Amino acid sequence: MNDPEVSMSKAAPNTNLVAHEKALEAAGMAIRLVMRVPAPLKSIADQTIRSASSDPANIAEGLGRVGRDRSHHWRIAYASAKEVESHLTLLVHAGAISRTGARDAMKGFDEVRAMTWRLLNPTS
C-alpha cells in the first residue's frame with residue numbers, strides 16, 4: 001500500500017537526520033576546497049563536487065524510501081563519502097588543495113560513513 005501514513009511510520013530513527021546534516025556540512029567544505037583547483041585537475045575537482053553532493057542527496061533519498069530501496073541509497077551514500085576522500089587525498093598530493101582543509105572535510109565524511117554504517121547495520 002502506498003499510503004504516506006503507513007510509509008512514515010516505518011521511517012528510520014533520527015540518526016539519519018543527523019547524518020544528513022553532517023553530510024551537507026562535509027560536502028560544503030569539500031566543494032569550497034575544490035572551487036579554485038587549477039585547470040589540469042579540474043576534472044578531479046568536478047568529480048569531487050559530484051560525489052560530495054551525492055552523499056547527502058542519497059541519505060535524504062533513502063530517508064524517503066523503505067526496505068531494500070532505502071538501504072540501496074544509504075550504500076551509495078557510504079560509497080560516495082569514500083570516493084570524496086579519495087579525490088581529496090589525490091588533490092592534496094598534487095598540491096592543489098590544503099592538507100588541513102582536506103583533513104577537516106574528510107573527518108566530516110568519516111563521521112557520515114560511521115552514521116551511515118549504523119543505519120545499514122543497526123544490530124552491529
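The chain has five helices and zero strands, counting as helices DSSP runs of H or I with at least four residues and as strands runs of E with at least two, numbered from the N terminus. Reading from the N terminus, the order is simply α-α-α-α-α. Keep in mind that this is a predicted model, where local features need pLDDT of at least 70, side-chain atom pairs count only at pLDDT 80 or more, and totals for chains, interfaces and linings use all residues. Numbering starts from 1 along each chain as its sequence is written, and side-chain values use heavy atoms, with hydrogens and water left out.

Of the 124 residues, 36% count as buried, meaning under 20% relative accessible area with a 1.4 Å probe and protein chains only (over 50% is exposed, in between is partly exposed). As for contacts (heavy atoms within 4.5 Å), take those between residues at least 6 apart in sequence: 71% of them join residues at least 24 apart.

Now follow helix α4, residues 67-93. Its 27 residues should span 39 Å at 1.5 Å a residue, and the end C-alpha atoms are 40 Å apart, which agrees; the expected span is 1.5 Å times one less than the number of residues. Among the buried residues of α4 are W74, A77, A81, V84 and L88. Just after the helix, G95 takes a positive phi of about 80°.

Next, see how α4 sits against α5. Two packed helices are described by the angle between their axes and the distance between the axes. Here the axes (lines fitted to C-alpha atoms over the stretch in contact, with angles from 0 to 180 degrees between N-to-C directions) come within 9 Å and cross at roughly 160°. That makes α4 roughly antiparallel to α5, since angles over 145 degrees get that label, while those under 35 count as roughly parallel. Residues of α4 including W74, Y78, A81 and L88 meet a set in α5 that includes M106, F109, R113 and W117.

Helix α3 (residues 42-63) packs on α5 too, at about 30° with the axes 12 Å apart, so α3 and α5 are roughly parallel to each other. A52, D55 and I59 of α3 make the contact with F109, V112 and T116 of α5.

Is R113 buried or exposed? R113 is buried, with a relative accessible area of 7%. Beyond its neighbours within four places in sequence, R113 is in contact with Y78, A81, K82 and E85.

Terms used:
Angles under 35 degrees count as roughly parallel, over 145 as roughly antiparallel, 65 to 115 as roughly perpendicular and the rest as oblique.
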